[in-house]
Amino acid sequence: MSLKLISMKKNITLLFIYCFSFQLIAQVQGTVTNSKNEALPYVSIYFENTNIGTTTNEQGLYELPITKNGKNTIVFQYLGYQTVKKAIDNETFPFELNVILQEENIQLNEVVIGSKENPANRVIRNTIENRKRYLNKITAYTSDFYSKGIFRIKNAPEKIFGQKIGDLGGGLDSTRSGVIYLSETVSKISFKQPNLFKEQILASKVSGNNSGFSFNQASEVNFNFYENTIDLETKVISPIATYAFNYYTYKLIGTFYEGTHLINKIEVIPKRKTDNAFSGIIYIVEDDWAIYGINLTVLGTQMGQPMIDKLNLKHSYSYAEKEQYWPMISQQIYFKFGMFGVNIDGQFSTAYSNYNFNPQFKEKEFTNEILSFVENSNKKDSLFWDANRPIILTAEETNDYKIKDSIQILKKSEKYLDSIDRKNNKFKIGAILFGYNYKNSHKNSNLNFSSILSAIQFNTVQGWNSTMKISYNIYDKEKAAGFSAFTDFNYGLSDEKLRVDGSASYLFNGISKPYLQISGGKKISQFNEDEPISPLINSVSTLFFEDNYAKFYDKSFAQILFSDELTNGIRMQSSLAYEKRSPLVNTTDYVVLNDKQKIYTSNDPLNENNHGIPSFEEHSVYTFQTVASIRFGQKYISYPNRKINTSSSDYPSLTLFYHQNFSSSEDHYNFGEIGARIQQRFDIDNKGSFRYNVKAGTFFEADDIAFIDYKHFNGNQTHVNMASNYTYAFNLMPYYSFSTNKSYAEFHAEHNFKGYLLNKIPLINKLGFELVVGGHALLTKDKKPYSEYSIGLNNLGFGKLRFLRLDYVKSNYNGVSQNGLVFGLTF
């Protein structure tokens, strides 16, 4: 065959490919404006009698791919404006079609004089009656899903709490304002009643990171207003909830026609400004009693999240004639939040298309995997995105991709990373006190020397002491595997002892996350291994109030531990250790504020007057422990090289454990213990959040074991609680008075009403406080029951700084009651 013929065939082939590609991306494009020539953002655009379409961007621009030859009718739908239909005959492309939308001709129906019925109430009441019907009408569907998220910052500070924040990816201008996050996803979603859902990401794009994965997920923005509440971290009441009339008043703005459908435009007004309720507009289809559209806003103060200024949701729905159903076709979520001089705003824009309401799912179509990524989903080129992006980019977004994608080539180069590391790795004399960090960005490794000053603390055994931690870690992003190690050097000025311990661990992969850890050395430990009193609280309590509650012993140890997820939701962890335990006594009586009526208690947890005498005999033990953690119904996200487990309130989590001491230096220190814990947190509709934690166990052959090995319960005598979860400890219980080597059971429960009660009380509802009630109980074989009841206020503070909590607690034991206040920090 001649070279000329080969060349001709190549040219014909290329021409064929070009023409075929042109047909694939044939499109209608243009701008949508109003009568004032103002661009209309996020107008829904779709082919008539289909759910195939697109949406305008913030500048009113759109591109609509043509998939059907011949004549087409394109529908332009936007809340507050008359729907426009344009017929086209696709012959030449790209075809420009600019559209001007006119504001809706709202008709305010005459109300019968003397009628006491609010016309809006009639519409809402009928919609509420049909809420469950629409909620359950569609038993299954599949859909194409697109999401775009953008975050912007304005006048970003150079530092926060003294730490430089840099250029935030290179998107800031001279005023330190600009885009700090931009990402897109294209995915397929599937749903089946009652709550089976999965999403497969076909393409993921993050500005400035060509190998990154967007965190945009359909499940995270699946806000269904037919539900009683919308989960925005706090439950916000839907305007058509069963009990909506307790939270809203309604006003009929007017009506208009969408084709043959009469649409009611209704203003939604919260009865109380502090209620977790929306304000804005909801559009309801007459007779169908379905949602046509929403434009609703909720403030951060209404959600109990003062960091958020406001959140706005806009939904558009299109009529599916065959199913006689109004599915959502687009959604915009606008947000604004800020704190400590950082002000961020942005939005998520989503589009749903190609609905199939009669999918034929396979038998095992739905599993606990709720999100997955196809291979190379984060490697799609610009041609793919140009052909598959339903909402075209704005000039701002295009510029952000262009700048950051070019910057990342430089920033990921070994030469650039080394230059940055050389600058940041320079040793300064202040590092001796404030810490030092050496980083190799190219190898993704880090060597850190912690600050000695920040670790200074005080206890009566060591006196003033501090710990310097030297840590090293290296991580392989491709394999999701890594090695980490640390060594702690702790020195006490009063007991003049240096204690050194360390650990080395290796993570084998990011799927089941198996890891092996080897640790050992010598360190000071509390008798209760859960360490219920933190070093900071103990230091303050000791120095200023002469309450040295923490009791310590020396532990020399060597341990090997292995953990792995056997199957989704079941993780096993086992360890084998040797421990040599040595008693300690107080070595200092130093105080800052000296109360002449008080002296320090001894370091004996059972006898506070046992000064200078060891509380136990030095001994050694071998221990074996195994723990099974079971998270029922655990959902997860599958990335190409790692698995992310998600939290769920639908089921409790169960922990089973077994502990065995053997080959001890004294035979009577050998024993066994088995136990279990079950815990859960869930919302009770609009009435707040409830959580519980129940733990029980029993010992065998443990009549004369070391006190260290008793079951110690997390008490609190400082009246300060720094824990985020109050169901892991008692509020007033002494630390060691109820320790046992017999059978035991402890119960903890707490309910946070959020704003359900206090928001209904005049004046108090302006404070934004949350009412919390709780109960705790302990049952042991050798003592009478102990119980506590508490009532408190959460979300205390001013403005956006609301991280305080105050509880009144009443305890009962053996007929004696005690009362106390507990102060908490709840970040």
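D405 is partly exposed, with a relative accessible area of 24%; buried here means under 20% relative accessible area, exposed over 50%, and partly exposed in between, with a 1.4 Å probe and protein chains only. This aspartate forms a salt bridge with K205, the closest N and O atoms being 3.9 Å apart. By salt bridge I mean a side-chain nitrogen of Lys or Arg within 4 Å of a carboxyl oxygen of Asp or Glu. The pair links distant parts of the chain, since D405 belongs to helix 5 (residues 395–411) and K205 to strand 13 (residues 196–206), 200 residues apart. Helices (H or I, at least four residues) and strands (E, at least two) are DSSP runs, numbered from the N terminus.

Before I continue, a word on the source. This is a predicted model, in which local features need pLDDT of at least 70 and side-chain atom pairs count only at pLDDT 80 or more, while totals for chains, interfaces and linings use all residues. Residues are numbered from 1 along each chain as its sequence is written, and side-chain values use heavy atoms, with hydrogens and water left out.

I return to helix 5. How far apart are K404 and D400 in that helix? They are four residues apart, about one turn of the helix. Their side chains form a salt bridge, with the closest N and O atoms at 3.1 Å. K404 counts as buried at 4% relative accessibility, and D400 is buried as well, at 5%.

Another pair is D807 and R805, whose side chains meet in a salt bridge of 2.7 Å, N to O. Are these two residues buried or exposed? D807 counts as buried at 1% relative accessibility, and R805 counts as buried at 6%. By the rule I gave, the count comes to 27 salt bridges.

Let me turn to a strand. L447 has its place in strand 25 (residues 445–449) and is partly exposed, with a relative accessible area of 28%. Beyond its neighbours within four places in sequence, L447 is in contact (heavy atoms within 4.5 Å) with Y436, N437, Y438, I470, S471 and Y472. The C-alpha atoms of L447 and I470 are separated by 7.4 Å, although the two residues are 23 apart along the chain.

Finally, the overall picture. The protein chain contains eight helices and 44 strands, and its C-alpha atoms fill a box of roughly 95 × 90 × 55 Å along the principal axes. Of its 827 residues, 47% are buried. Among contacts between residues at least 6 apart in sequence, 60% join residues at least 24 apart.

As to confidence, the chain averages a pLDDT of 90, and 95% of the residues score at least 70; pLDDT is the predictor's confidence in each residue, from 0 to 100. Over residues 1–25 pLDDT stays under 50, and the model has six contacts there beyond four places in sequence. Over residues 110–114 pLDDT also stays under 50, with one such contact.
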